[in-house]
Amino acid sequence: MTTPDAGGTAAVPPAQSTPHTPTSGPHRAGPRRSVTGTRKTIAALFLLPALVLLGALVLYPIGYSVGRSFFDTAGDFAGFDNYETMFSDDGIRTAIKNNAIWLVAAPALTTALGLIFAVLTERVRWGTAFKLIVFMPMVISMLAAGIIFRLVYESDPDRGVANAMWVGVHDTFAESSGFPQGHPGARSPLKGAGGGAFITKDPVRAGEPVALPLTGVPPGQMPDDAESAKPAQADPGKVTGTAWQDFTRGKGRGKVNAPDAAEFGYPGIKIEAVKDGKVVASTKAASDGTFSLPKEADGAQLRYPASNFREPYNGVDWLGPSLITPAIIGSYIWMWAGFAMVLIAAGLASVPRELLEAARVDGANEWQVFRRVTVPLLAPVLAVVVVTLMINVLKIFDLVFVIPPGSSKDEANVLAVQLYNSAFGDRDAGVASAIAVLLFLLVIPVMLFNMRRMRREGRR
């Protein structure tokens, strides 16, 4: 409020001065620095347990392994001798080669199969059920999966599922032999014809029944439709005879080279009439072993072709040295294809459908849409799957340790299994540490690639 002075003018009170508050300088920096330091201390305290665990469980073992790799089994300094042993030992070099095969084949095939499953099941009603079935192997431990596939790859078709299916497909297109061990007896009218075939010693004549006895087929392997052998009836216009299992001997128990009531015919066995090296007629025996050939067979020799006696097809030796690594990779794909499918399906769900429809409107077929639109948009997800699987296969142990039999373990060897064998089998901690360092060095590039990819994704 103003009051007029003597001259009638209002007197303005003097302005009140406000104290100067510094906005910078030592008076403000001190508190800010103390607050920042307090926050860093609190953050360090929260991180301390994790850092202690990281150092105890990761950093210390890495450092100890690197140091131990330069010492021999006696604890004496050996320099790079363990690394020289690692690259000169045949078993370890096989493990390195197999790890390279795993690194190239397993992630690529698993990701490709997961991509196919994710795309194909996107539009079907039962897609969710199918994905659940494909993902189910993920809940099984590697050890249990190894035991399962050890039985799946069993060489006996009656026990191994893989060979049972393989033999079934093979026998569908190539008929198997019913008499793999059949052969003529000591006094048989047959002789060897080369290549596993048998032929009559003398030409046959129409109207004169022919006896073609064989032996050697175990009773348990005779065809189920085999009946008691019968002598063939003479036919003037045809060559007739009997093919049977002549196992009884003389002295009242039976007649040699003649069918007896206790002997069985060879149903379905093939007989060929051969003249001058050419087949002029052929037939198959009935359930009682009897057969007949047309008059063209008169004067020919009768032959059992080798196809009657070849060993039955028993499938593929999945656990043999040549196929053991692909077989184990197949079991790995069975387990991890569901993992790849689920991640890719999640990425596929976020792909804008407008882009796919626009490509179809522009005239692209489904293959072009998949190759030029879907796959490029899924590239980040595919990279995550591939990198994860690459790190996983570098450490593969359980399947390779369980599935191979003793005769194929060396051919299936990988670095993780070799590390175990060197450390606990050979008691050579130096070589085992060198292998561990090699595994660590192999994982680093994959980890760096994954970190760079994640940083690029974070900047977008």
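Guide: At 1.5 Å a residue, helix H3 (residues 90-120), with its 31 residues, should span 45 Å, and this agrees with the 44 Å between its end C-alpha atoms. The expected span is 1.5 Å times one less than the number of residues, and a helix here is a DSSP run of H or I of at least four residues, numbered from the N terminus. This is a predicted model, in which local features need pLDDT of at least 70 and side-chain atom pairs pLDDT 80 or more, while totals for chains, interfaces and linings use all residues. Residues are numbered from 1 along each chain as its sequence is written, and side-chain values use heavy atoms, without hydrogens and water.

At Trp-102, H3 bends by about 25°, the angle between axes fitted to the seven residues ending there and the seven starting there. Trp-102 is also buried, meaning under 20% relative accessible area with a 1.4 Å probe, protein chains only. Other buried residues of H3 include Ile-92, Ala-95, Asn-98 and Asn-99, as well as Ala-106, Pro-107, Thr-110, Thr-111, Gly-114, Leu-115 and Ala-118. An α-helix has 3.6 residues a turn, so residues three or four places apart point the same way.

Helix H2 (residues 81-88) has Asn-82, Tyr-83 and Met-86 buried. Seen down the axis of H2, the buried residues lie within an arc of 100°, so they line one face of the helix; the arc is taken over directions from the helix axis to the C-beta atoms.

Terms used. Buried < 20%, exposed > 50% of the residue type's maximum accessible area, 1.4 Å probe, protein only. Helix = DSSP H or I, 4+ residues; strand = E, 2+ residues; numbered from the N terminus.
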